[in-house]
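Hello,

Here is the structure we spoke about. Please look it over before reading the notes below.

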Amino acid sequence: MRISLTIQDLKSEQLSWLCVKPFLEEVRGKSPTVKAEAYNQLNEPQKALYLFYAFHNHTHSIAEFYWFSSYFIGELKVWPALVKGLMVFELEEFVQICKELEELSAVYPKQSDGSWQQAMVSDLDRDASLLAKVTALYERYVPLAEQSILQMNQYVQNNHEQFCEISIEERRIKMDEKYPIGKFDWTGEVSALQRETWIEEIERLPQRLRASIEGLNELELETPYRDGGWKIRQVVHHIADSHMNSYIRFKLALTEETPTIRPYYEDRWAELHDSIQADIELSLTLIEQLHKRWVILLKSLSDSDYKKSFYHPESKETYRLDYNLGNYAWHGNHHIAHIMAGRSRIGKG
């Protein structure tokens, strides 16, 4: 049983949730029997996501965290299945928290005769020691859950056929020569962990770019990556042009109050003599040095810095720096995909 997703969904921060959302919403409020039947129709990775989100979506406070973990362990008796599912995604640290919660449940709560009883939120009010232990676990759980979701998202991206199917039209979009990895599309807030991922992509771009053109001679650099598209040489020089502009836009936004940036005609820049004729080593070196400074800047910024923005008069939109960070991590990957497409056209893919 697989759901239908779009190519844009595959890049969503909520990807793993989207893969099980229809199943969980369908059984919400239904009997345990109906829920069990729906669960048993899923494959193992889907079951893992199902139990993770069934638990995670009910842990928005220390009290919920305590009550629902006890409910999963003692009442539903699905804790072993949850732990097993976490290992599908290699979430060892999360499993450790689960083990500690299970050890806690072996002590709290208990009937006077030592048998298990349903946890109550009031347990935390009555027992300071219990509250301290649950609070310590919850403080570890919150950031780890966010990190785990990113890790599960990556698993789904790499194994999406286990979770979803892409429509024929979406497959066509995926293979579109102009946008081989799709367009950048991000909605909602950007987490600190997601920023770190994008910064790492920007940091690795110069090395990946060099690798993408390795072994190409001057004639092969004149290969268009698609019919009517830029030549590989132009793509390399464009990356330098574009990322210089982006670096300056970051600095403007950091030092001015929502500045209006200066757009440029990238298609016209790509037709200038240096973009058509210059040795690509000039731009490769420029990009290497530019990205070193850019990454130093990016790693120094605070959460409030990333909320700063600039105004783009062409699109008439205001863009936050965290969004722009993601856009330029995508931009580098986008053009490396173009270069690889060009290599494939000359049999060097």
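**What was found**

Glu201, Ile202, Leu205, Arg208, His243, Tyr328, Ala329, Gly332 and Asn333 line the second largest cavity. A cavity is a set of points on a 1 Å grid over the protein atoms alone where a 1.4 Å probe fits but cannot get out, and lining residues have an atom within 4 Å of a point.

This is a predicted model, in which local features need pLDDT of at least 70 and side-chain atom pairs count only at pLDDT 80 or more, while totals for chains, interfaces and linings use all residues. Residues are numbered from 1 along each chain as its sequence is written, and side-chain values use heavy atoms, without hydrogens and water.

The volume of the second largest cavity is about 30 Å³, counted as the space filled by probe spheres set on the points, with grid points joined across faces, edges and corners. Helices α10 (192-213) and α16 (321-345) each supply at least two of its lining residues. Helices (H or I, at least four residues) and strands (E, at least two) are DSSP runs, numbered from the N terminus.

Strand β3 (residues 309-312) runs antiparallel to strand β4 (residues 317-320), and four bridges join them; two strands pair if DSSP finds at least two bridges between them. Ser309 stands opposite Arg320 in β4. The two strands form a hairpin with four residues between them, and Lys316 in the turn has a positive phi of about 60°.

Overall, the chain has 16 helices and four strands. Its C-alpha atoms fill a box of roughly 85 × 45 × 35 Å along the principal axes.

Regards

Conventions
1 Å grid on protein atoms, 1.4 Å probe; cavity = no way out; pocket = protein on both sides within 12 Å on 5 of 7 lines; lining within 4 Å.
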